[in-house]
Amino acid sequence: NNGVCSDPGTGNGTYASLAACQATCVVVTSSWDCNLTTGVCFDPGTGNGQYPTLAACQSACVAVLNHELEFTSTTQDYVEMTNASVVIANKTAFSISCWVNPQSNTNHGGVMGFRNNSDADFYLMQMQNTNTIEARFRNSSGTNYDILANNILDFGQWQHLVFTYDGSYIRLYKNGVIVDSTAANGTITQTNQSFKLGSLDWGTTGFYLNGRLDEVRLWDVAL
């Protein structure tokens, strides 16, 4: 107890002798660990906490929260990365992927991708009043190749979507399982097309997503 051995008077002590007790009995000093879920410091009671003082723990302890992006067609918010098409320009293989938690939408909802409706399209879009996804590749010659995946989205649930092009086919996957594919060819030569999350443009009209996105990826290979 507090680094001092004592006889409990019951005959049931942990140690058979005073010498054995004194060899292992030490004072457990206070130390502190951070609960990364709550952001609250606590004493583990072992003397081996990461921080020597409560103040030191509190200055560094921050809860690790989810950092998904949330979009609504009402506020019309989106993320835009300008000139991102330079990553895939003149390549014969590229992919986009994301986790999406969609909601119903009375308008078309742009999930993610490139779109200029001319010569640089590679995107995923939720179709108006449905849970259907349009996946489109339009090459630098203006030829477009589409996959229309009917009733694929599960509203209010997280699901993983991947859209790929390998120089010969475009393919759409949901949760690691192929949904559909179609023959395609060509490249995108545009180097200054924006990559958007939560919105895609049709002329001067924006199609805004209702839902959340996480772990968005753009690849210059076919996954």
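Here is a short chat about a sheet and some salt bridges in a predicted model.

Student: Which strands make up the open sheet, and in what order?
Tutor: Six strands form the open sheet, and they run in the order E4-E13-E6-E7-E8-E9 with antiparallel pairing. Strand E4 (79-81) and strand E9 (144-149) are the edge strands, since each of them pairs on one side only.

Student: And how many bridges hold E6 and E13?
Tutor: Strand E6, residues 109-114, and strand E13, residues 195-197, pair in the antiparallel sense over two bridges. In E13, lysine 196 is the bridge partner of glycine 113.

Student: What does the side chain of lysine 196 form with aspartate 201?
Tutor: Lysine 196 forms a salt bridge with aspartate 201, and the closest N and O atoms are 2.8 Å apart.

Student: Is lysine 196 buried or exposed?
Tutor: Lysine 196 has a relative accessibility of 9%, so it counts as buried, whereas aspartate 201, at 26%, counts as partly exposed.

Student: Switching topic, which side chain does arginine 136 meet in a salt bridge?
Tutor: The side chain of arginine 136 meets that of aspartate 146, at 2.7 Å from N to O. Arginine 136 lies in strand E8 (residues 133-138) and aspartate 146 in strand E9, ten residues apart.

Student: Why is arginine 136 called buried?
Tutor: Arginine 136 is called buried because its relative accessible area is 13%, and buried means under 20%. Aspartate 146, with 33%, is partly exposed.

Student: Where do lysine 91 and aspartate 220 sit?
Tutor: Lysine 91 sits in the loop between E4 and strand E5 (94-102), while aspartate 220 is in the segment after strand E16 (211-219), 129 residues apart. Their side chains meet in a salt bridge of 3.1 Å, N to O.

How values were computed:
Residues numbered from 1 in each chain as written. Predicted model: local features only at pLDDT ≥ 70, side-chain atom pairs only at ≥ 80, totals over all residues. Heavy atoms only, no water. Pairing = 2+ DSSP bridges. Helix = DSSP H or I, 4+ residues; strand = E, 2+ residues; numbered from the N terminus. Salt bridge = Lys/Arg side-chain N within 4 Å of Asp/Glu carboxyl O. Buried < 20%, exposed > 50% of the residue type's maximum accessible area, 1.4 Å probe, protein only.
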